[in-house]
Amino acid sequence: MKKKKSGFNTKLVHLGELEDSMGSVTVPIFQTSTFSFKNAQHGADCFSGKDDGYIYTRLGNPTINALEETIAELENGFGGIATSSGMGAVNSIYLALLGQGAHLVSTASVYGPSRNVIEKHYSRFGVEATFVDTSDPDKVKQSIKSNTRMILVETPSNPTMQITDIRKIAEIAHKYGIPLVVDNTFSSPYLQNPLDLGADVVFHSITKFINGHADVVGGVIVAKEENLYKQIRDIMVNFGCNMDPHQAYLVHRGVKTLSIRIEKAQENAAKIAQWLEKHPLVKWVKYPGLRSHPQHELAKKQMRGFGTMISFELKGGHNTGKAFMDNVELAILAVSLGGIETLIQHPASMTHSGINKEEKLKAGITDGLVRLSVGIENVEDLIDDLSQALDKIT
Ligand code: LCS
């Protein structure tokens, strides 16, 4: 906390440092499931909260807490809660905010499973949801009911790249006393801070930009206020959605280079998006940095950069897109995103395959949509690869 007032890059490098007796420069991995008490009274005091000593890793662990403090600080929130996965974060929030018979308003084009769990599982407990285009604030307002307990916004959305005005939705949510939750996975705290724009809770699939090296699955939640923080933390702990110390160590190492990774990858993404837009085989491209993006001006206002994710559709739709994905040689055909390597995937049959076709189309996830997560390779090599893959089709 002593480096609170420093710049973003300094924070990335130094936040979470522990002052341990050995003088470790990096955060040590406390690979232990449990912690010894000095005596019985100390144990009792740890449990009653009189002493803030560590008890058991599901409840807290120095390596995990170092990461939680780091992300909480980067998101300007009260506290961080690390989870086993991004879905662990999603479900900890759902369980904390949605009770029996509650209603959720959510971006239609959210990550598939964030939507599927509501429709398949929470519905068994009477939870209902309205999935709307949250880039239109009127649609959000019209969807609110007397039992709405949470508004979930994913911006930019996965995979349609729609941008939602966080400030406007926060105003609407708060008018009705509803908490606004933002999935900030596609931006990372480097490009966007939803809590500063009025959101109450922000979360990430840490698997993506924050870790950045395609070697960890994890999640993190940051709440703006203590009450919400405690409510969500209680769920994470008691439903066993905790992160592991080794996982936390790797993420804490990965986050140190967040800004330089994103700067390089988004420079590549901007060039690739412009190149794709001019290619005769490409029907449309969605990248917030393009003037043709419907919310380009909003993205400029709300984000500090346009990110590294591009969605596009080829003329010829699904079959052409499939052939194209089979033709790429450098980009890796795989789901996930936000790492140093360029990944390509087909949302309709992969990440969003659990949503029925009609709903997918309503959310803008067409059969021909191809999603590209641009990495930090040399951009000429990436364009050469995409170019040869398209040439083979023609
Ligand atoms: N939120 C967003 C926006 C995501 O993209 C993902 C995963 C999650 C939450 C869930 O996080 P996880 O549990 O996987 O850490 N998105 C994926 C994707 O687009 N491809 O593969 C995973």
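**Cores and pocket**

Colleague: Which residues touch the most other members of the largest nonpolar core?

Modeller: This is a predicted model, where local features need pLDDT of at least 70, side-chain atom pairs count only at pLDDT 80 or more, and totals for chains, interfaces and linings use all residues. Residues are numbered from 1 along each chain as its sequence is written, and side-chain values use heavy atoms, with hydrogens and water left out. A nonpolar core is a set of buried (under 20% relative accessible area, 1.4 Å probe, protein chains only) Ala, Val, Leu, Ile, Met, Phe, Trp, Tyr and Cys residues joined through side-chain atoms within 4.5 Å. The largest has 45 residues, and those touching the most other members are I71, I151 and L180.

Colleague: From which domains does this core draw at least three residues each?

Modeller: Among the elements that each supply at least two of its residues are helix 3, strand 4 (148–154) and helix 11 (258–278). Domain bounds come from an automatic or database domain assignment. The core draws at least three residues from each of domain 1 (8–255) and domain 2 (258–393).

Colleague: How many residues are in the second, separate core?

Modeller: Its members include V117, M236, V237 and A363. The count for this second core is 34 residues.

Colleague: Which helix gives the largest share of the lining of the largest pocket?

Modeller: Helix 2 (40–48), helix 3 (62–74), strand 1 (79–83) and helix 9 (226–238) each supply at least two lining residues. The largest share, six residues, comes from helix 9.

Definitions and conventions:
Helices (H or I, at least four residues) and strands (E, at least two) are DSSP runs, numbered from the N terminus. Buried means under 20% relative accessible area, exposed over 50%, partly exposed in between (1.4 Å probe, protein chains only).
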